[in-house]
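Biologist: I would like to learn how to read a structure like this one. Could you take me through it, starting with what the word "buried" stands for?

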Amino acid sequence: MIKSTRNEKPNIGFDLCPFIVIWEVTQSCDLACLHCRADARTCRDPRELTTYQGRGLIDDITGFGSPLLVLTGGDPLKREDIYELITCGVEKGLRTTVSPSVTPLLTDGSILKLKKAGISRMAVSLDGSTPLVHDSFRGVHGSFRRTVEVLSLCALEGIPIQINTTVTKYNIGDFDSIAKLISGFSPVLWSVFFLVPTGRGRAADSVSALEYEEAFAKMYELSKVMPYDIKSTEAPHYRRFAAQARVRESRAGKRPAAAYGGKRDAIGRAPRGINDGKGFVFVSHTGEVYPSGFLPLSGGNVKNESIVDIYRYSPLFREIRDYDRLKGKCGACEFKNICGGSRARAYALTGDCMESEPFCVYVPKGYEAGTSGRESACEAEI
Ligand code: SF4
């Protein structure tokens with residue numbers, strides 16, 4: 001693996017160092033999820049990074065300091081070296097987490113092995129509060145029952161849990177019940193994914209922009225009372241919603257929800273909002289470096305270049321972090337520095353990753369459609 005030869009010292013600025021590095025260790029998976037970003041198949045791709053290359057990548061990632069390292073898939077358990085890779089990350093001082101698929105590979109024994117390897121957290125997907133909703137989503141009968149067993153075992157073993165839920169038109173009506181169900185497993189974080197139509201995800205499966213707002217309102221209220229943190233994934237406009245709600249509540253003399261979560265674990269929370277390519281970087285199973293797993297534009301390949309150099313200096317990553325180059329409503333928006341819209345969804349639906357977020361109802365102050373927005377941007381009132 002190529003190490004960066006440039007001389008900058010790591011710091012906490014997202015132009016230099018991401019908060020999260022996600023490595024898709026394989027695209028192979030035995031589930032058949034409706035919305036799968038990776039369009040996963042059961043067989044492994046021979047072009048995957050080898051164990052040696054993976055260890056080199058992990059070493060190179062330390063050039064960012066100590067970002068959170070997430071080993072995802074596909075199903076990471078499809079790789080027999082997954083425990084070695086986790087241990088490598090832990091030994092290098094990286095908070096290392098894993099997102100296994102709930103398949104027969106995720107036995108009680110393998111969960112205990114993941115714990116022993118040193119994971120800081122395990123992420124598990126739950127997309128419905130009943131077998132009917134969850135199993136039809138995941139494409140495998142019995143997945144809900146096993147997911148509940150896995151979550152129960154993790155709670156018993158003291159393994160910090162993150163629960164991921166992808167919101168689509170098939171489960172939006174189940175939102176409240178899912179929120180209630182997961183509190184029984186004491187997760188540290190509920191990550192609510194909003195569908196990006198890439199891989200097997202289809203635009204027709206998305207909820208409407210108005211339903212995003214309704215889901216945001218629920219997330220905001222739940223964040224005040226639930227014993228776990230709640231964050232959005234590929235919906236940074238939740239931060240705009242929450243900022244507006246906090247202002248309204250402060251003015252009304254009410255106590256607003258915390259800005260960046262109050263519940264702590266070994267991982268901690270990002271000190272400010274992250275977005276595609278801005279605090280966040282994704283390495284594909286073949287080593288391509290993307291701003292997001294939902295945004296398949298490559299800044300370079302870790303087989304040829306340092307991930308540090310790609311993240312900091314590639315034209316793609318520089319552009320995507322430059323919010324003066326955002327177009328349409330996002331370019332005009334007084335919230336753009338805390339939001340910026342999903343760059344992945346903009347790309348998936350318009351072919352331009354700097355276009356406006358297509359699923360945001362907010363109209364910036366003074367915005368006129370057809371302008372670049374830069375002329376009409378106002379001071380934030382947040
Ligand atoms: S217009 Fe764009 S930047 Fe503004 S809140 Fe909506 S998505 Fe975020």
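Modeller: Happy to. A residue is called buried if 20 or more other C-beta atoms lie within 10 Å of its own, exposed if 12 or fewer do, and partly exposed in between. Take strand E5: six of its seven residues are buried, so E5 is mostly covered by this definition. Please keep in mind that this is a predicted model.

Biologist: What share of the residues in the chain is buried?

Modeller: Buried residues make up 49% of the 382 residues. The chain holds 12 helices and nine strands. As for contacts with a separation of 6 or more, 72% of them come from residues 24 or more positions apart.

Biologist: Now the sheet. What order do the nine strands have?

Modeller: The general idea comes first: strands of a sheet pair through backbone hydrogen bonds, either parallel or antiparallel. Here the order is E7-E6-E5-E4-E3-E2-E1-E8-E9, in an open sheet with mixed pairing. Strand E7 (229–233) and strand E9 (289–290) are the edges, each pairing on one side only.

Biologist: In which sense does E5 pair with strand E4?

Modeller: Strand E4 (residues 121–125) and strand E5 (residues 161–167) pair in the parallel sense, over four bridges.

Biologist: How should I read two packed helices?

Modeller: Two packed helices are described by the angle between their axes and the distance between the axes. For helix H4 (residues 131–138) and helix H5 (residues 143–157), the axes come within 8 Å and cross at roughly 105°. H4 and H5 are therefore roughly perpendicular to each other, a term that covers angles of 65 to 115 degrees.

Biologist: Which residues meet there?

Modeller: Pro131, His134, Asp135 and Arg138 in H4 meet Ser143, Phe144, Arg145 and Thr147 in H5. By class, this contact has two nonpolar, three polar and three charged residues.

Biologist: Is helix H12 largely enclosed or open?

Modeller: Helix H12 (residues 343–350) is largely enclosed by the rest of the structure, because six of its eight residues are buried. Those buried in H12 are Arg343, Ala344, Arg345, Ala346, Tyr347 and Ala348. Helix H10 (315–321) is included in what covers the buried residues of H12. After H12 comes glycine 351, with a positive phi near 85°.

Biologist: Last, the ligand. How many residues surround it, and which are the closest?

Modeller: The ligand is surrounded by 15 residues, and the closest are Cys330, Cys333, Cys339, Gly341 and Cys360. Helix H8 (237–251) and helix H11 (328–332) are the elements that give two or more residues to this shell. By class, the shell has seven nonpolar, four polar and four charged residues.

Technical notes. Residues numbered from 1 in each chain as written. Predicted model: local features only at pLDDT ≥ 70, side-chain atom pairs only at ≥ 80, totals over all residues. Near = placed C-beta within 6 Å. Nonpolar A, V, L, I, M, F, W, Y, C, P; charged D, E, K, R; others polar. Axes fitted to C-alpha atoms, helices over the stretch in contact; angles between N-to-C directions. Parallel < 35°, antiparallel > 145°, perpendicular 65-115°, else oblique. Contact = placed C-beta atoms within 7 Å. Pairing = 2+ DSSP bridges.
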